[in-house]
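Open the model in your viewer and keep the selection tool at hand. Each stop below says what to pick and what is there.

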Amino acid sequence: MELFNIGFPTAFSLENLLYCFLGVFLGTFVGVLPGIGALAAVSLLLPVTFYLDPITALVMLGGVYYGTEYGGSTASILLNLPGTASNAVTCIDGYPMAQQGRAGVALFVTTIASFIGGGFGILVIMFLAPSVASAALAFGPAEYFAAMTFGLIAAATIGQGSVIRGLSMVVLGLVLGSIGADVHTGIIRYSFGMSELYDGISIIVLAMGLFGVAEVIASVRNQSLGQSVARVTLRSMIPTKADVRQSVWPVFRGSGVGSAFGALPGTGPAIAVFLSYALEKNIAKQPERFGKGAIEGIASPEASNNAAVQTAFIPTLTLGIPGSATMAVMMGALMIHGINPGPQLMQTHPELFWGLIASFWIGNVMLLVLNIPLIGIWIKLLSVPYHYLFPVVILLICVGTYSIGNSAFDVMLVLIFGILGYFMRIYGFEPAPLLIGFILGPLLEENFRRAMQFARGDFLLVVSHPIAGSILVASAILLVFVSMKGYLLRQR
Amino acid sequence: MLINFRDLTSGAVLVAVGAIVSTLAITYEVGTFARMRAGFFPLVLGILLIALGGALVVAAIGKKGPPIGFDIRAMGAVSAGITLFAVAAEAYGLMLASLLAVGASSLGSPKFRVVPALVLAVTATLGVWLIFKLGLGISAPMVRN
């Protein structure tokens, strides 16, 4: 199998191993700290990856991404503060376990569950991705257009706001993506005379501003988290036989749910996690135990979110459609290196695909080994006051942006997007759909153009392509379904 | 009459942006469905924005909305920090720019105190030099004349 011929040899190079370690280490670190998420970390590290080989770059960024899922559970269990959105569920049963003096067991079970979930997700990628990619090779512009529309509508459903808000962010992202020279005609759009905009806006600038700066401004008033944290010893981590018995099936169920939902664009780890928790609670023999320290309540969600972040790579690597904002940034990283993600990626760059998969295995093992001894260090880290942390984050954003092209204009753009992002948060708009719209915009337009050209301007002809048509119908159904759900919720 | 100001303002802004996008799109030549010129796609997007913004405005009437609060201090301090960085990096190099960025941004927190902030600024600047100049070897000059 190519995994062993190409993947592992590529992943085992000294450079790739080193950056894999760096990525998972930084990822766990970022995951432990509430407030700074995988997206901010991946965006900050993007300029660094310019100096790296594309495979190495993706290995590191990927490590950061799934690493954060490992780290996020630590703060949830110990402090009742979720490190990432998908770890919010772990707080429900994890924190009570800590209060009962079982923090060590909770942390241990979480790490093992995360490893099994991650491994399961990787297996799904290995067996499913090649089939998805071959099926997608039959895609023409009409099919791509339909698939991207589906991805964008799914993106609009991310987060709290109404569908209208989500859609407006997607459209705004599409607009921002059209700034600069139009590939087809060469006409420069929306540059307002500024020559720096002739090539469009860089995704790094957008991501750092919208997510980095905006997050910082919104979180400045955060209280310091340095409370007294329970002392966790290595011995206290060993679970009892009953714990193990109760966790086995939840872990497998969680892995399954996570793998399935992680691969769908738009949903991602968060929904998978809530679903796994709900599933466990509903099929449990004693549901009253949930919320009071039931070990199934952390084993299943933790397996689920790690499986989901692995399978989240599938649509990006096989179709070129990012399922989430973080995936969009990683796609941006590939494109900057001149690699276009899509079905042909596995054929033209097999060492990238299989090397990345191999690095997922290596990374998950590293995380398993790392997390158990390092838990004490993560705990200390949680006591750094935010008012020392955030100016450094701002500095990193500035230096990172400036180092791309020595452009003070880019730095100011980051600020503008930062202010925009902050206002968006205050007014209840999600930034993730905007980023996804931004990166898919030019591609969506290109495919729409071509599809319409072939159909000689007849949209109905485009829709009557069987695959394209069914995907578009699915998008419409999704849209209606989510709008109805939102409308009904608000009527309560 | 109850008005949800949050939705009203955001809806109005979206309509305005959509109008600007559409108007400019028309100047880029729209073309036909079969032969789309540069302005076609943006025009569609602009119209969508106007429609979505309009929907928000309509939905805003008749309900009370949540209160809107800004952290002006944080916004101002971070803006000052980043702007100072941009200006100083071009004129004086990254070292001074880093000092100013950290110093100014620190003012954003109500827990700001002068001495710790200065220590943080100096430490962070040294860190930048170590990681970015020595470690990564970026081309931007640390000190310019």
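## Stop 1: a helix in chain A

Select residues 325–336 of chain A. This is helix H14, twelve residues long, and its first and last C-alpha atoms are 16 Å apart, close to the 16 Å expected at 1.5 Å a residue. The model is predicted, so read every value here as computed from it. Show the surroundings next. Ten of the twelve residues of H14(A) are buried, so the helix is largely enclosed by the rest of the structure. Among the buried ones are A:Met327, A:Met330, A:Met331 and A:Leu334. Step past the end of the helix to A:Gly338, which follows H14(A) and has a positive phi, near 85°.

## Stop 2: helix H8 of chain A

Now select residues 163–177 of chain A. Helix H8 has 15 residues, which should span 21 Å at 1.5 Å a residue; the end C-alpha atoms are 21 Å apart, so the two agree. H8(A) is mostly covered, with 14 of its 15 residues buried.

## Stop 3: the salt bridges of A:Asp182

Over all chains, the whole structure holds nine salt bridges. Select A:Asp182 and show its charged partners. One is A:Arg189, with the closest N and O atoms 3.9 Å apart. A:Asp182 and A:Arg189 are both buried. Another partner is A:Arg449, at 3.1 Å from N to O. A:Asp182 sits in the loop between strands E1 and E2 of chain A, while A:Arg449 belongs to helix H19, so this pair ties together parts that are 267 residues apart in sequence. A:Asp182 and A:Arg449 are both buried as well.

Stay on H19(A) and pick A:Arg450. A:Arg450 pairs with A:Glu446 in a salt bridge, the closest N and O atoms being 3.5 Å apart. Both lie in helix H19 of chain A, four residues apart, about one turn of the helix. Residues three or four places apart in an α-helix point the same way, because there are 3.6 residues a turn. A:Arg450 is partly exposed, with a relative accessible area of 38%.

## Stop 4: where chain B meets chain A

Color by chain. In this interface, 58 residues of chain B are in contact with 59 residues of chain A. The two chains bury about 5500 Å² between them, 77% of it on carbon and sulfur atoms. Select B:Met36, B:Phe41 and B:Ile82: in chain B these lose the most area to chain A, together 12% of what that side buries.

How many salt bridges cross the interface of chain B and chain A? The rule finds one. Zoom in on B:Asp7 and A:Arg165, which form a salt bridge with the closest N and O atoms 2.7 Å apart. Eight residue pairs are in polar contact across the interface. Helices H1, H2, H3, H4 and H5 of chain B each give two or more residues to the side that touches chain A. H3(B) gives the most, with ten residues. By class, this side of chain B has 40 nonpolar, eleven polar and seven charged residues.

## Stop 5: two residues in chain B

Select B:Ser109, in the loop between H4 and H5 of chain B. Is B:Ser109 buried or exposed? B:Ser109 is buried, with a relative accessible area of 2%. Its contacts beyond four places in sequence are A:Val220, A:His387, A:Phe390 and B:Arg73.

Finish at B:Val143, in the segment after H5 of chain B. B:Val143 is exposed, at 60% relative accessible area. Beyond its sequence neighbours up to four places away, B:Val143 touches B:Tyr92, B:Gly93 and B:Met95.

Note on methods. Residues numbered from 1 in each chain as written. Chains lettered and ligands numbered in written order. Predicted model: local features only at pLDDT ≥ 70, side-chain atom pairs only at ≥ 80, totals over all residues. Heavy atoms only, no water. Contact = heavy atoms within 4.5 Å. Buried area = accessible area lost by both parts, 1.4 Å probe. Salt bridge = Lys/Arg side-chain N within 4 Å of Asp/Glu carboxyl O. Polar contact = N/O pair within 3.5 Å; in protein donor to acceptor, adjacent residues only side chain to side chain. Nonpolar A, V, L, I, M, F, W, Y, C, P; charged D, E, K, R; others polar. Expected span 1.5 Å × (residues − 1). Buried < 20%, exposed > 50% of the residue type's maximum accessible area, 1.4 Å probe, protein only.
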